[in-house]
Amino acid sequence: MALVDTLQPDVLCLNEVLHPFVPPSDGGVYWNEVKAKRGRSYIPKDPPPQEADTYLTRLASSAGFEYAVFAEATREGFFGAFGFGNAILSRYPLLGVQTKRLEAEAGDINLGDQVREYVEGRSAVSATVEVPLPRGIPGAEVGLLAVCCTHLDHKSEELREKQIEAVIQWLKETTRADVAHCICGDLNAFQRADHDDETWSRICKMYVENFSARPPPESSLVLDAISRAGFQDTFYTSKAFKDNMPTSIHPVGNFAKRKNDTLNSNLQKE
């Protein structure tokens with residue numbers, strides 16, 4: 001909350017959201033099960049919470065977001081039988097809200113050659129934000145920005161590529177093409193050019209030792225797919241990149257991976 005209060009964003013996109021969720025009244029049993037990686041089998045015994053009491057609603061209210069949408073991905077994931085997915089919070093009206101499940105399909109478990117017991121479903125949520133325009137712009141009081149929040153698989157680059165291609169196609173079919181589009185979220189996409197030799201070596205080691213899989217390709221299939229669709233990585237196009245390479249924003253073990261990529265595109269055709 002301190003970071004949100006400091007930044008005061010107009011739109012906030014969230015991944016790995018549990019909703020509707022309040023901590024189970026089991027004396028901490030749930031959290032211990034999650035920490036021990038046994039959360040997937042947890043079934044809550046408490047009745048569903050009232051909407052006003054859920055963590056997501058309380059966060060939105062406390063931070064001053066009047067509008068909120070949630071896209072459930074699964075209730076059979078790492079965190080147990082709770083709705084797990086993505087959310088968009090906004091201070092401004094959200095139009096044309098759409099949600100999409102990225103269901104695990106036959107064969108997905110073999111993509112990327114990982115050793116895994118199951119593939120967790122993912123989701124995406126999109127909405128067009130009515131953004132007030134500065135005074136003095138003739139002919140309009142609000143501008144429109146199409147925002148999509150998604151979360152891709154954490155192990156397989158090939159599955160992530162399949163998921164992001166499905167998201168992009170879905171956006172083309174369901175959102176207006178005459179407004180700017182922004183895709184953001186936890187893409188789990190690694191790119192060799194973003195890291196020094198030591199960090200890239202640690203990333204490759206993590207894939208082999210933690211995921212029992214081959215290292216990710218040096219050129220991200222996800223970012224390549226997004227680029228082909230006409231999107232640009234806003235980090236690379238920002239002034240910040242002129243002086244700084246991507247830094248640690250999501251620490252994992254002894255290294256950090258640049259997981260959250262925000263991309264934008266004007267899908268208007270010339």
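Author: A residue is called buried when its relative accessible area is under 20%, exposed when that area is over 50%, and partly exposed in between, with a 1.4 Å probe and protein chains only. The model is predicted, so local features need pLDDT of at least 70 and side-chain atom pairs count only at pLDDT 80 or more, while totals for chains, interfaces and linings use all residues. Residues are numbered from 1 along each chain as its sequence is written, and side-chain values use heavy atoms, with hydrogens and water left out.

Reader: Is Val125 buried or exposed?

Author: Val125 is buried, because its relative accessible area is 0%. Val125 belongs to strand E5, residues 122-132, where strands (E, at least two residues) and helices (H or I, at least four) are DSSP runs numbered from the N terminus.

Reader: Which residues is Val125 in contact with, leaving aside its neighbours within four places in sequence?

Author: Contact means heavy atoms within 4.5 Å, and on that basis the partners of Val125 include Val69, Ala71, Ile88, Val147, Cys149 and Trp170.

Reader: How is a pair of aromatic rings described?

Author: Such a pair is described by the distance of the centres and the angle of the planes. Rings of Phe, Tyr and Trp (its six-membered ring) pair if their centres lie within 6.5 Å, and planes under 30 degrees apart count as stacked, over 60 as edge-to-face and the rest as tilted. The structure holds eleven aromatic pairs. In one of them, Phe78 and Phe79 have ring centres 5.2 Å apart and planes at 80 degrees, so the pair is edge-to-face. Phe190 and Tyr207 form another edge-to-face pair, with 5.8 Å from centre to centre and 80 degrees between the planes.

Reader: Which parts does the pair of Phe190 and Tyr207 tie together?

Author: Phe190 lies in the loop between strand E7 (180-186) and helix H5 (197-210), and Tyr207 lies in helix H5, so the pair ties together parts that are 17 residues apart in sequence. Phe190 counts as buried at 2% relative accessibility, and Tyr207 counts as buried at 2%.

Reader: At what angle do helix H4 and helix H6 pack?

Author: Axes are lines fitted to C-alpha atoms, for helices over the stretch in contact, and angles run from 0 to 180 degrees between N-to-C directions. Helix H4 (residues 157-174) and helix H6 (residues 221-228) pack at about 20 degrees, with their axes 8 Å apart. That makes H4 roughly parallel to H6, given that angles under 35 degrees count as roughly parallel, over 145 as roughly antiparallel, 65 to 115 as roughly perpendicular and the rest as oblique.
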